Amino acid sequence: MAAMSLLLRAAVAWGARRAAGGAASGARFPCFAGAACLPGSVAPVRHSSSHGKRMFIIKATSFYDSRFLSLLRFYVFLTGIPVALFITYVNIFIGEAELAEIPEGYIPEYWEYYKHPISRWIARYLLDPPEKDYEKQMAVLDIESKKTQMRLMELEARRLMRHRGDGPWYHYETPDKNLIDNSMKSTPDN
C-alpha cells in the first residue's frame, strides 16, 4: 500500500514536470528544463471516490479582468443609452437647419452657420468665437515675433562686444597690485 502511494506520487510529480516543461524544453530530461522543475505550476489533488486521478492546475485569476469588463460595460451603457436617446430625439424632432435668405439688416451670429443643432449648441456654449480665436493666434504670433527680435538684438550685441573688445568682463576695475599684502608670504613659518 505504501509502495503504491509512493509510486503514484512519483508518477504525478513526473507528469507535472512533463506537462509544465513541454516537449521542446525538456521532455526527455525534465531536470534540465529550467523552470519546468520548479514546483507550483501544477499540484496533485487527492483521489476522489471512483472519479480517477485529478490534477489541480494553478492559473492566474480572472476576477479582476471580468470585473473590469463588467464595470466598463455598465458605464458605457449608463452613458451611451441616454446619449443615443438624446441624439435620436434631436435628429427626429428638431432636425437640421435649412438654408434661408438673411433678412435685411440682420447680422447672423457665428454659431448660426452650423447645420446640426448639437453642433450649434457646442459652438455657442462650449467653444470660443472665431474672433477670439483669431485674437489669440495674433497674440501668439506677436509674442513669437518679439522673441525673434530679442534674439536678433542679443546676437548683434554679442557680435559687437566681440568686435570692439568690450563686454561685461571689463566693467569691473582690477585692484592695484600695490594694495596686495604679501608680508605673510615672506615668512611662511610664522
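Which residues form a nonpolar patch on the surface? They are F68, L69, L72, V76, F77, I81 and L85, and together they have about 710 Å² of accessible area. For such a patch, residues need over 30% relative accessible area and no salt bridge, with nonpolar side chains (Val, Leu, Ile, Met, Phe, Trp, Tyr) joined within 5 Å. A salt bridge puts a side-chain nitrogen of Lys or Arg within 4 Å of a carboxyl oxygen of Asp or Glu. Areas come from the Shrake-Rupley method with a 1.4 Å probe.

This is a predicted model, where local features need pLDDT of at least 70, side-chain atom pairs count only at pLDDT 80 or more, and totals for chains, interfaces and linings use all residues. Residues are numbered from 1 along each chain as its sequence is written, and side-chain values use heavy atoms, with hydrogens and water left out.

Now the whole chain, in brief:

| Item | Value |
|---|---|
| Accessible surface of the protein chain | about 17500 Å² |
| Share of that surface from carbon and sulfur atoms | 63% |
| Buried share of the 190 residues | 8% |

From the N terminus, the elements run α-β-β-α-α-α-α. Helices (H or I, at least four residues) and strands (E, at least two) are DSSP runs.

H116 lies in the loop between α2 (63–94) and α3 (117–125). Leaving out residues up to four places away in sequence, H116 touches V90, N91 and E96 (contact means heavy atoms within 4.5 Å).

Note on methods:
Patch = residues over 30% accessible without salt bridge, like charges linked within 9 Å, V, L, I, M, F, W, Y side chains within 5 Å. Buried < 20%, exposed > 50% of the residue type's maximum accessible area, 1.4 Å probe, protein only.
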